[in-house]
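These are my notes from a first pass through a structure that is new to me. I wrote them down in the order in which I looked things up.

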Amino acid sequence: MSVKQLLELDEEALFEGNRSFQATPERIEDRKRTADGTLRVDEIAVKHKFSISWTHLPAADELGGKGRGWLRALYLAGGEYTLRVYKEGLAPDYDDYTVRFAAGGYQESIVFRNAARWVYAVSIQLEEV
C-alpha cells in the first residue's frame, strides 16, 4: 500500500511520522495430488501479515500517536489485539483484524537521545489470528 493508512491498535492511534506499513495476504490451503495426477487445492482461509516500522519513533506518546514505550509493553504482554486499518476515501471506512505479534516480531534500536528525548527505530510484525 503506497498511501499512508491511518492505523489503530486496540483503539489507540499509532504514530504516523516516518512510518511504513505493509499488509501481505497469506493463503492457507491444503494441496493434494490425486491418483490420476490432478492437483486438488482446498483453500481454507486467507490471513494477513502486517509489517509496521518507524525510522524516528519517540519514546513517549506524542502528536496524537502512541510511542515506543506503549508498543514495547504490548509486545511484552503478549495476547491478541485489534488492528484497525482505515481505507482511502471520504467515509470512515475501515477493516478490523484480530492480530498477535509474530515470534520475534519486535525490533528496536536507538536513533538518538539527549537529556529530554529518546528516539527509536522500531519495527513490528503482526499476524492475523
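Which residue forms a salt bridge with D42? I looked up the pair and found R40, with the closest N and O atoms 3.9 Å apart. I keep in mind throughout that this is a predicted model.

**Entry on the first pair.** I then checked how open the two partners are. D42 has a relative accessibility of 34% and counts as partly exposed, while R40 is exposed, with a relative accessible area of 51%; the cut-off for exposed is over 50%.

**Entry on the other salt bridges.** I searched the whole structure and noted eleven salt bridges. One of them joins the side chains of K49 and E26, at 4.0 Å from N to O. Because K49 belongs to strand β4 and E26 to strand β3, this pair ties together parts that are 23 residues apart in sequence. K49 also forms a salt bridge with E127, where the closest N and O atoms are again listed as 4.0 Å apart. Here the link is between distant parts of the chain, since K49 is in strand β4 and E127 in strand β7, 78 residues apart. I also noted a network in which salt bridges that share partners join R27, E29, R31 and E43.

In what order do the strands of the open sheet follow one another? I read off seven strands in the order β2-β1-β5-β6-β7-β4-β3, with antiparallel pairing. β2 (12-13) and β3 (19-33) stand at the edges, and each has a single partner strand, so one side of each is left without a neighbour in the sheet.

**Entry on the core.** Which residues of the largest nonpolar core touch the most other members? The core has 23 residues, and the ones I was looking for are L9, W54, L71, I124 and L126. At least two residues of this core come from each of β1 (7-9), β4 (39-58), α1 (68-77), β5 (81-86), β6 (94-113) and β7 (118-128). I took L71 as an example and listed its contacts, leaving out residues up to four places away in sequence: L9, L14, W54, L57, F101, Y106 and I124. As background, I noted that in soluble globular proteins nonpolar side chains tend to be buried together.

**Entry on S123.** Is S123 buried or exposed? S123 is placed in strand β7, and with a relative accessible area of 17% it is buried, because buried means under 20%. The side chain of S123 is joined to that of Q125 by a polar contact of 3.0 Å. Leaving out residues up to four places away in sequence, S123 touches I52, S53, G105, Y106 and Q107.

Terms used
Residues numbered from 1 in each chain as written. Predicted model: local features only at pLDDT ≥ 70, side-chain atom pairs only at ≥ 80, totals over all residues. Heavy atoms only, no water. Core = buried A, V, L, I, M, F, W, Y, C linked by side-chain atoms within 4.5 Å. Buried < 20%, exposed > 50% of the residue type's maximum accessible area, 1.4 Å probe, protein only. Helix = DSSP H or I, 4+ residues; strand = E, 2+ residues; numbered from the N terminus. Contact = heavy atoms within 4.5 Å. Polar contact = N/O pair within 3.5 Å; in protein donor to acceptor, adjacent residues only side chain to side chain. Pairing = 2+ DSSP bridges.
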